[in-house]
Every structure is written in C-alpha cells, then in structure tokens.
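Trainee: I would like to learn how to read a model like this one. Please take me through the main features in turn.

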Amino acid sequence: MESILIVDDDVNLCAMLSEELTEIGYDTYFLTGGERVLEYVSNNNVDLILLDLKMPGKNGYDVLKELEANNVDVRVIVLTAYADVKSALDSAKLGASDFISKPYDFDDLLITIRKAIQSEA
C-alpha cells in the first residue's frame with residue numbers, strides 16, 4: 001500500500017484529503033505544518049508528499065529545500081491556493097514533481113498522484 005504524507009496548515013483539508021485517499025486504498029498521514037516533515041520521512045516509509053507552499057513557520061519552499069539538502073528521495077506534489085507561474089517554476093527547481101492549484105478537482109489530483117507514484121517505481 002502506497003503511503004502519502006499530506007502537509008498543509010488547513011487541518012480540515014488535511015482530514016478530508018486523508019479520508020478520501022484512505023477510502024481508495026492509500027495509507028495516509030498528515031502534518032499541519034512543515035516543521036516535522038524531515039523527521040517524519042526519515043522515520044517512516046513515504047511514497048509521496050502533498051505539500052502546501054504557504055504555511056506559517058516552515059513553508060513549503062523551506063520543506064523542499066530541507067528535503068533536497070538531506071538527499072531525501074520522495075516525490076512531492078505541491079498543492080496550493082497561491083498558484084502562479086513563478087511558484088510552479090520555483091517548486092520544480094526545488095524538486096517538486098508536479099504542481100496543482102486549490103481548489104482542486106479530486107479526480108485530477110488522483111491522476112497526478114498515480115502518475116507520480118508510478119514514476120517512482
């Protein structure tokens with residue numbers, strides 16, 4: 001079973017996404033900030049991270065930089081309400097495999113998740 005870590009400061013979004021993804025067979029966990037992402041992925045099997053960019057404290061860019069600096073090999077899909085070309089390019093430069101804007105279409109998100117996980121294998 002593939003494991004997805006959801007990182008977003010919106011606890012309601014985290015809970016909803018976690019429930020939706022769990023119902024279709026993914027093992028999910030969520031964090032409501034970026035501070036513990038490196039610790040979590042270092043101690044748990046994670047196939048994919050769904051990562052918000054704009055969070056108080058350690059934001060998504062900081063998380064991407066931290067993962068890269070520590071050579072963590074995990075696919076990251078940025079899921080953000082602040083979608084623009086610069087954010088998408090900056091995220092890609094920092095290692096994100098895809099970029100989806102909120103509000104998202106769940107079917108489109110699911111396709112993107114499946115592609116990212118398949119490209120990992």
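Mentor: Start with terms. Helices (H or I, at least four residues) and strands (E, at least two) are DSSP runs, numbered from the N terminus. By that rule the chain has five helices and five strands. Their order along the sequence is β-α-β-α-β-α-β-α-β-α. The model is predicted: local features need pLDDT of at least 70, side-chain atom pairs count only at pLDDT 80 or more, and totals for chains, interfaces and linings use all residues. Residues are numbered from 1 along each chain as its sequence is written, and side-chain values use heavy atoms, with hydrogens and water left out.

Trainee: What share of the residues count as buried?

Mentor: Buried means under 20% relative accessible area, exposed over 50%, and partly exposed in between (1.4 Å probe, protein chains only). Of the 121 residues, 45% are buried.

Trainee: Which residues have the most contacts inside the largest nonpolar core?

Mentor: In soluble globular proteins, nonpolar side chains tend to be buried together. A nonpolar core is a set of buried Ala, Val, Leu, Ile, Met, Phe, Trp, Tyr and Cys residues joined through side-chain atoms within 4.5 Å. The largest one has 21 residues, and Leu5, Val37, Val41, Ile49, Leu51 and Leu67 have the most contacts inside it. At least two of its residues come from each of β1 (3-7), α2 (37-43), β3 (48-51), α3 (60-69) and β4 (75-80). A second, separate core of 18 residues includes Ile4, Ile100, Leu110 and Ile113.

Trainee: Which peptide bond is cis?

Mentor: The bond from Lys102 to Pro103, with omega near -5°. Pro103 sits in the loop between β5 (98-101) and α5 (106-120).

Trainee: Is Pro103 buried or exposed?

Mentor: Pro103 counts as exposed, because its relative accessibility is 79%.
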